[in-house]
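Please look through the sequence and the structure below before reading on. The report that follows takes up a few features in turn.

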Amino acid sequence: MNLFDVYPLFDITPVKAQGAYLWDEHGRRYLDLYGGHAVISIGHSHPHYVKRMARQLYNIGFYSNSVQMPLQQELAEKLGKLSGYEDYNLFLCSSGAEANENALKLASFHTGRRKVLAFKGAFHGRTSAAVAVTDNPAIQAPINESENVVFVPLNDTEAFNYALKVHGPELAAVIVEGIQGVGGVHAPEGAFLKEVAAGCERVGALLILDEVQTGYGRTGKFFAHQYTDVKPDLITVAKGMGNGFPVAGVLIHPKIEAKHGLLGTTFGGNYLACVAALAVLEVIEEENLLENAQHIGKRLNEALRQFPGVREVRGEGLMIGVELEEPCAPIRKQLLTEHGIFTGSSSDKNTLRLLPPLCIGAREVDTFLSAFESVLHTSTIQAN
């Protein structure tokens, strides 16, 4: 049997990782400024994380959600405290797509409605409902196509209010990313996000904030939407939540009533998942990683703006999109092959994404900036 070939792969085989670095089978070291799609939050193989996981595995690794698991309540309390959402409830699952699926279901259950308003450039996952609210027909099979989803441009207040006027009584939810990641690191403006929240309240729809990429300190706040005073009805989290272990969740406003059998999952909230998520929160708190994300992100942002060939730098904290004057694929390849630096792409062919571990320091930033400047210089010479 062969693997189903759906991923274009780099010819690199990582065998070890520590902090912000990876090593391949030949011993070459790579600087990881992508974190495996924003997953590595506290750094690869963090000692506290490794100890917590190993200790738990020696005790018990898994049982279903049919027994008492105090670790789940411990995680809910810790997450509520650090995120500022202590009065919300938590449903645990295993991936960002699954979190968004369950958030959409809860909105539909709560309102009795079926339509959802989403935004151009959005990416919310590849499962049934999540991919239906993702603005990419190429990854939607015919079974995923839905008349229940309405797309409007991000930050277009007039288009949003018109959509509310037409579809308001039918809307179960409005779903928006804290910052669009795959879409090219485009953020909802603060005033626009407030307008969206007010519009939801006006028509009785729930506001879902997809913080799958932007949560857990990625932007320098625990959640990206906390740069405003908006409080969503549902917040989805995943990626950096487990630092590589599959764990995700939905933070749920207390007005949304829980009922036995309403939602369910086999693997969500298992012992290892909870310990992974707790270890991440403990390290974030102990090592002040939110502050580090703000500080290092600002340093990166300001430096990148000075480089010739850079059209725009977008994002907050350590979620940065660098829009170039030219396609970024050759730049990314050169950074990887010649300088050993992983970076990311987006649906915008000119935008390179930086999503490093939140523990990254000034030394790693300087290494990247030096390499990036060199690659841009080489690209300019070749173009001329």
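## Aromatic pairs

How many aromatic pairs does a search of the whole structure find? The search finds 12 of them, and it should be kept in mind that the structure is a predicted model. One of these pairs is formed by Tyr30 and Phe342, whose ring centres are 5.5 Å apart and whose planes are at 50° to each other, an arrangement that counts as tilted.

Ring pairs join Tyr85 and Tyr88 with Tyr216, Phe222 and Phe223 into a cluster.

## Charges over rings

Two tyrosine rings can be looked at together with a charged side chain. Arg29 lies over the face of Tyr21, at 4.1 Å from the ring centre, while Lys221 lies over the face of Tyr227, at 5.5 Å from the ring centre.

## Nonpolar cores

The largest nonpolar core holds 65 residues, and of these Leu304, Phe368 and Phe372 touch the most other members. Helix H8 (residues 271-286) supplies the largest share of this core, with 13 residues. Once its neighbours within four places in sequence are left aside, Leu304 is in contact with Val310, Val313, Ile320, Val322, Leu354, Phe368, Leu369 and Phe372.

## Positive phi angles

Most residues other than glycine have a negative phi. Which value does phi take at Val185, which is not a glycine? Val185 has a positive phi of about 60°, and this residue is placed in the loop between strand E7 (171-177) and helix H7 (190-203). Because its relative accessibility is 2%, Val185 counts as buried.

Asn288, another residue other than glycine, also has a positive phi, near 50°, and is found in the loop between H8 and helix H9 (289-304). With a relative accessible area of 43%, Asn288 is partly exposed, whereas Val185 is buried.

Methods. Residues are numbered from 1 along each chain as its sequence is written. This is a predicted model: local features need pLDDT of at least 70, side-chain atom pairs count only at pLDDT 80 or more; totals for chains, interfaces and linings use all residues. Side-chain values use heavy atoms; hydrogens and water are left out. A nonpolar core is a set of buried Ala, Val, Leu, Ile, Met, Phe, Trp, Tyr and Cys residues joined through side-chain atoms within 4.5 Å. Buried means under 20% relative accessible area, exposed over 50%, partly exposed in between (1.4 Å probe, protein chains only). Helices (H or I, at least four residues) and strands (E, at least two) are DSSP runs, numbered from the N terminus. Contact means heavy atoms within 4.5 Å. Rings of Phe, Tyr and Trp (its six-membered ring) pair if their centres lie within 6.5 Å; planes under 30 degrees apart count as stacked, over 60 as edge-to-face and the rest as tilted. A charge sits over a ring if NZ of Lys or CZ of Arg is within 6 Å of the ring centre and within 35 degrees of the ring normal.
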